[in-house]
Amino acid sequence: MKKALITGITGQDGSYLADLLLQKGYEVFGLVRRKSELSYGNANHLVGKVTFVDGDMTDPASLVRAMQQSDAGEVYNLAAQSFVAASWAQPIYTGQCDALGCTNMLEAIRCVKPSARFYQASTSEMFGLVQEIPQRETTPFYPRSPYGVAKLYAHWLTKNYRESFGMYACSGILFNHESERRGLEFVTRKITHSVARIKKGKLDCLELGNLDAKRDWGHSEDYVNAMWLMLQQAEADDYVIATGQTHTVREFVERAFGAAGITLTWRDSGVDETAVDPKSGQIVVKVNPKFFRPAEVELLLGCPEKAERALGWKRNVSFEQLVERMVNHDLALSK
């Protein structure tokens, strides 16, 4: 039986990845931080199915113990302070967790089981102020947030350990991927959760920042399959995982309200822009400047050709299906 260790198992990707590995017959170990009141988040349904191991990405000794306890042949490093907006408020912690945390995990593997295969969760935020459209594995990086900078450190360190120590270490440069398990602080889930509450009369208005930011959105279930495929190859390499399509935040908002039976009418422009439900006349969306980033990332669009060719990877959930699934999920929760 193959053994896998997942850091960040309580998050969106970690829980979907655990589901996938269990289906494939793996023995799964999940790293969790010890708290006074333990919560498994998205991994609650995995209790009794996986082995939870105490550890923290900023504590190297705990990662060594996790490797010793799990004896994992595959390690998926998904743990991170992954909320971009919070990285400006907590740049030091973001660096410690996202950059040095990856270093700690690689060192734990090198010391305990250097034959283990390692996956690093890189991000399209490393491209930031994009130097090429679409973005490929060879596109120069230009991160625009402490989160993007920290992830870039981890990305290059993974490559360095692969080339310096001969470790099987690869990075997946994943573009935006969402799901019903996405945290409420992320803009996509904030939108669908708010749409459901507005539809049920529990919320008056949704406030957002840059409606014209363009993103390449897919579903997390499709993307964790790509993670697994990367560790099944003869040689380690880095891959862009994306849909090759881009949509604005405005489009996401319109489709989300449409899935709830509300067609929006936009008024005004710029920071004063609003959207109205024409049936009720109620303003349901407002642009609030406080939600703009200090340094905006205007456009992210990935080219998944290498992953499709080399890994045989493909996505199954379209942008339209993604939004509809998230809205229906939140409508059910709002009951």
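**Sheet and hairpin in a predicted model**

Let me begin with the hairpin of E14 and E15, where 4 residues lie between the strands and Gly281 takes a positive phi near 80°. Strands here are DSSP runs (E, at least two residues), as helices are (H or I, at least four), numbered from the N terminus. This is a predicted model, in which local features need pLDDT of at least 70, side-chain atom pairs count only at pLDDT 80 or more, and totals for chains, interfaces and linings use all residues. Residues are numbered from 1 along each chain as its sequence is written, and side-chain values use heavy atoms, with hydrogens and water left out.

E14 (residues 274-277) and E15 (residues 282-287) pair in the antiparallel sense over 4 bridges; pairing requires that DSSP find at least two bridges between two strands. Ala275 stands opposite Val285 in E15, and Ala275 is also the bridge partner of Trp266.

I turn now to the open sheet. Its 7 strands run in the order E3-E2-E1-E4-E5-E6-E11, with parallel pairing. Strand E3 (51-54) and strand E11 (239-241) stand at the edges with a single partner strand each, so one side of each is left without a neighbour in the sheet. The twist averages 25° from one strand to the next.

Within this sheet, E1 (residues 3-7) and E2 (residues 27-32) pair over 5 bridges, and Leu5 has Phe29 in E2 as its bridge partner.

Methods:
Axes are lines fitted to C-alpha atoms, for helices over the stretch in contact, and angles run from 0 to 180 degrees between N-to-C directions. Buried means under 20% relative accessible area, exposed over 50%, partly exposed in between (1.4 Å probe, protein chains only).
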